[in-house]
Amino acid sequence: MDWADFGVDLHLELDASGGRRAGLERALRDAIRDGRLPPSTRLPATRALAAELGLSRGTVSAAYDQLVAEGWLVARIGAGTAVSPLRRAAPASAPPPPGPAPFRYDLRPGSPDVGLFPVTAWLRATRRALSVAPAEAYGYGDPRGRPELRAALAGYLGRARGVLADPARIVVTTGYVQALVLLTTVLRESGTPAVAMEDPGLAFHRDVVHRHGGTVLPLPVDERGARTDLLGTGHLAGVGAAVVTPAHQYPTGVTLHPSRRHALTDWARAGGGLVVEDDYDGEFRYDRQPVGAVQGTAPEQVAYVGTAAKTLGPALRLAWLVLPARLVDPVVDVKRHLDLHTETVGQLALADLIATHGYDRQVRTVRRRYRQRRDLLLARVGGRSTLDGVSAGLHATVHLPPDGPAEAAVLAAAAAQGLALTGLAAHHHEPAEQPPGLVIGYARPPAHAYPAALDLLARVLPDPRA
């Protein structure tokens, strides 16, 4: 057939692997999409195209009908079939694949060593959990999370973190950020959107609160932890909640002093405020037993947030809220309208891992590994710089000499040699005029690369003797 009779020069290549009609539909769609069949082009009659392609007329008619139904073609009585006059935008080209990582070594905080994920134990837990899971577990679930996981968490948190956790007050979330979103939304809807957040603290978490309607006010941090004694006074007089990291403050690494813990819960009891306890790495204490959660002393004033991101891995997207009774229904309602419920299979596997004590073994294993990393950091760098916050957690803070190179200069020098570092100034609510420093994450690099990363860190840190 001479398609020039129809105003175009076209050759159709049919792939009949999925059937002749489907092959013709694909060929015509492709020709329309890439412009070989322009808008309003009249197509051959079904009898003529069938004869040209060696197809039955019924096959061509069915293909035309399908493309008319999809909007690619239009059929008019007496005028035949034509390409739709609506111009179709070509699909955006796929982004290029990511290039190689710009850094050879990464000592930025915030991530565990994902190579420590317990693959074998997780596979066993998943098989055991799925072998006994009821059929209803694969349907839409309770926004609070699976009852198996909430019961397991209640027991674990009680014995490991001193949390008073009733399963009915636990809500499983898709990571810590979602927990923060849920609480921020409830506070905003209750008319108390002002939230005190530690200064310094993680800027991304401040952004999360801002984006979901909260107003963030700085809560200063000193050598005793967050200045909870300031809550209810001055610019903090009207806050409805305070987000704190009592066990191991991020990024300074200080543990909240007992007097500050009392001030925190006294403020919440007196004015109806909410304490949001971010227990992101509370299990990792190296000089003594982990410090118990504040929630255990004031369960009706504290929303406790824990996560599996540091003990297992961020990929699981599993975290949990232990809530005061008054917040359970509001948080569950927001969760229901946000994503209905957190995925189920991971919840069932984690419940089994906790119930069989595999989670406890994992915590002990990674705590030992991270202590070894902490010790190596002290040995390689401790004699060159003062490291703060090394008694717990997965990071340490280095305060740079005020008369030495600027923080930005140290970061640039490290980057030039392939070492990724994070500055301290960006963690402050007002970064300008803040003392220079670095936040060193010692969990992220794989084990084989960690010593070399520390050697490079030691080279880029200012020499205190200079």
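Asp-375 is partly exposed, with a relative accessible area of 35% (buried means under 20%, exposed over 50% and partly exposed in between, with a 1.4 Å probe and protein chains only). This is a predicted model, in which local features need pLDDT of at least 70 and side-chain atom pairs count only at pLDDT 80 or more, while totals for chains, interfaces and linings use all residues. Residues are numbered from 1 along each chain as its sequence is written, and side-chain values use heavy atoms, without hydrogens and water.

**Helix H11**

- Helix H11 covers residues 358–381, which amounts to 24 residues (helices are DSSP runs of H or I with at least four residues, strands are runs of E with at least two, and both are numbered from the N terminus).
- From its first C-alpha to its last, H11 reaches 34 Å, close to the 34 Å expected at 1.5 Å a residue (the expected span is 1.5 Å times one less than the number of residues).
- An α-helix has 3.6 residues a turn, so residues three or four places apart point the same way.
- Arg-373 belongs to H11 and counts as buried because its relative accessibility is 8%.
- Between the C-alpha atoms of Arg-373 and Pro-112 the distance is 12 Å, although the two residues are 261 apart in sequence.
- Arg-364 is likewise placed in H11, but its relative accessible area of 46% makes it partly exposed.

**Salt bridges**

- The count comes to 25 salt bridges (a side-chain nitrogen of Lys or Arg within 4 Å of a carboxyl oxygen of Asp or Glu).
- Arg-285 pairs with Asp-287, their closest N and O atoms being 2.6 Å apart; Arg-285 is buried at 9% relative accessible area, whereas Asp-287 is partly exposed at 49%.
- Arg-374 counts as buried at 9% relative accessibility, and its side chain meets that of Asp-375 in a salt bridge of 2.9 Å, N to O.
- Elsewhere, salt bridges with shared partners link Arg-21, Glu-25, Arg-29 and Glu-70 into one network.
- Within this network, the side chains of Arg-21 and Glu-25 form a salt bridge of 3.0 Å, N to O.
- Arg-21 and Glu-25 are separated by about one helical turn, because they stand four residues apart in helix H1.
- Glu-25 is buried, with a relative accessible area of 7%, while Arg-21 is partly exposed at 42%.

**Backbone geometry**

- Most residues other than glycine have a negative phi, and most peptide bonds are trans.
- Asp-199 and Pro-200 are joined by a cis peptide bond with omega of about 10°; Pro-200 is placed in the loop between strand E5 (194–199) and helix H7 (203–211).
- Another cis peptide bond, with omega of about 10°, joins Tyr-250 and Pro-251, and Pro-251 lies in the loop between strand E8 (241–244) and helix H8 (258–271).
- Ser-40 is not a glycine, yet its phi is positive at about 75°; this residue lies in the loop between helix H1 (20–33) and helix H2 (46–53).
- His-357 also has a positive phi, of about 70°, without being a glycine.
- The loop between helix H10 (344–355) and H11 holds His-357, which counts as partly exposed at 44% relative accessibility.
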